[in-house]
Amino acid sequence: MRLRSVKLRGLIGLHRGLGVDEVELNLRGLSGVIALIGQNGAGKTTLLESLSPFRTFPSRNIGLKDGIQLRDSYKDLSFEFNGKECRCLVTADSHSGKSDGFLWLDGEPLTTGKISELDEQLEKLLGPKDTFFQSVFAAQSAETLLSLKPAKRKEFFVEFLGLGKLQEYSARAKEVAGFVAGKISGLQGVVPRIEAAIAAGCVQEELSAERDRAIWITKWQER
C-alpha cells in the first residue's frame, strides 16, 4: 500500500490542534522515510490515523463519526494497492451521525454510497481490519505480535498467511472421513448377515432387505 494524498474536513483533533477545519496532505512524488513533526496536541495522531482507509481511529478505538464536528465532514484518501489506484471517500454528519462511503478502483466505483458496502469492499481489498492494523498500518500504542495472546496470534497468522481455506478443507476432510468410516462400518455388518442368510436358506429375503436399505440411504442423502 502506497499513500498518495488525503483531504480532511471537520475532524475535532485537527480543529483543536491547528484551529482549522480543513487539511490536505499530498504525498505524491515523495519517497523514503517521512516524518511528521509538531507539538503535543497539534493533531499529528489524528492526521496519521486518517491515512487509513478504514473508518476508525485505532489508537483511540473510536469510529470516524465520533471524531468529527461538522455536518459536512469527510475523509478523502487516495492510495495505490497492488498496482491499482484506489480512492476512498467517507462523508459524515456530526448532527445526525449519518455516513456515506465510496470506493473507486482504477476509477471504477465499487460501492453505491452505502457505508456497509464500503466496509465490505475494503475487507475484500485489504483483509480484515484487525489484521490490517497489526501489519500494514501500525497505530500509536498498537499491540505488537509478541504482546498478543497465543490464540489471537494464531488468528493473525491464519489470516495473514491465508490459511483459512486450508482450515476449511481440513474440516471438510474430517467430515468426509467420518461419513466414509460410518459407511464402512455399516458394510462390515452386511457380510455376517448375508452369511447367516445363506446358512438359513433365506438369501433372497436378506438381499431384498439390503436393497431396500440402500434405496432409503440414497434418498436420504439426496435430501
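1. T46 touches L11, G13, L14, F57 and R60, leaving aside residues up to four places away in sequence; a contact here means heavy atoms within 4.5 Å. The residue is found in helix α2, which spans residues 44-49. Helices (H or I, at least four residues) and strands (E, at least two) are DSSP runs, numbered from the N terminus. T46 counts as buried because its relative accessibility is 7%. Buried means under 20% relative accessible area, exposed over 50%, and partly exposed in between (1.4 Å probe, protein chains only).

2. A word on the basis of these values. The model is predicted, so local features need pLDDT of at least 70 and side-chain atom pairs count only at pLDDT 80 or more, while totals for chains, interfaces and linings use all residues. Residues are numbered from 1 along each chain as its sequence is written, and side-chain values use heavy atoms, with hydrogens and water left out.

3. Helix α1 (residues 12-18) holds G17 and L14. Is L14 buried or exposed? L14 counts as buried because its relative accessibility is 3%. Its contacts, not counting residues up to four places away in sequence, are L8, G19, V20, V23, G43, T46 and L47. Of these, L47 is 33 residues from L14 along the chain, yet the C-alpha atoms of the two are separated by 7.4 Å.

4. G17 counts as partly exposed because its relative accessibility is 26%. Beyond residues up to four places away in sequence, G17 touches G41, A42 and G43. K44 is 27 residues from G17 in sequence and 8.5 Å from it in space, and T46 is 29 residues from G17 in sequence and 9.5 Å from it in space.

5. A probe the size of a water molecule, rolled over the atoms, shows where empty space is left. On a 1 Å grid over the protein atoms alone, a pocket is an open set of points with protein on both sides within 12 Å along at least five of seven lines, whereas a cavity is a set of points where a 1.4 Å probe fits but cannot get out; lining residues have an atom within 4 Å of a point. The largest pocket has a volume of about 620 Å³, where grid points are joined across faces, edges and corners and the volume is the space filled by probe spheres set on the points. Its lining has 25 residues, and the closest to the centre are L3, L27, I34, L48 and L51.

6. Which element gives the most to the lining of the largest pocket? It is α2, with five residues. Strand β1 (2-9) also supplies at least two. By type, the lining residues divide into 15 nonpolar, five polar and five charged. Ala, Val, Leu, Ile, Met, Phe, Trp, Tyr, Cys and Pro count as nonpolar, Asp, Glu, Lys and Arg as charged, and the others, Gly among them, as polar.

7. The largest nonpolar core has 26 residues, of which C88 and L122 touch the most other members. Such a core is a set of buried Ala, Val, Leu, Ile, Met, Phe, Trp, Tyr and Cys residues joined through side-chain atoms within 4.5 Å. Two or more residues come from each of β1, β5 (73-81), β6 (84-92), β7 (99-105), α3 (115-126) and α4 (129-133). β6 gives the most to this core, with four residues. L122 touches P53, F54, C88, L103 and G127, not counting residues up to four places away in sequence.

8. N61 is found in the loop between β3 (56-57) and β4 (62-63), and its phi is near 55°, a positive value in a residue other than glycine. N82 lies in the loop between β5 and β6, and its phi is likewise near 55°. N61 is exposed because its relative accessible area is 68%, and N82 counts as exposed because its relative accessibility is 69%.

9. Finally, the chain as a whole. Its secondary structure comes to seven helices and eight strands. Buried residues make up 29% of the 223 residues. Among contacts with a separation of 6 or more, 48% are between residues 24 or more positions apart. The accessible surface comes to about 14600 Å², of which 55% belongs to carbon and sulfur atoms; such areas come from the Shrake-Rupley method with a 1.4 Å probe, and for residues only the protein chains shown count as cover.
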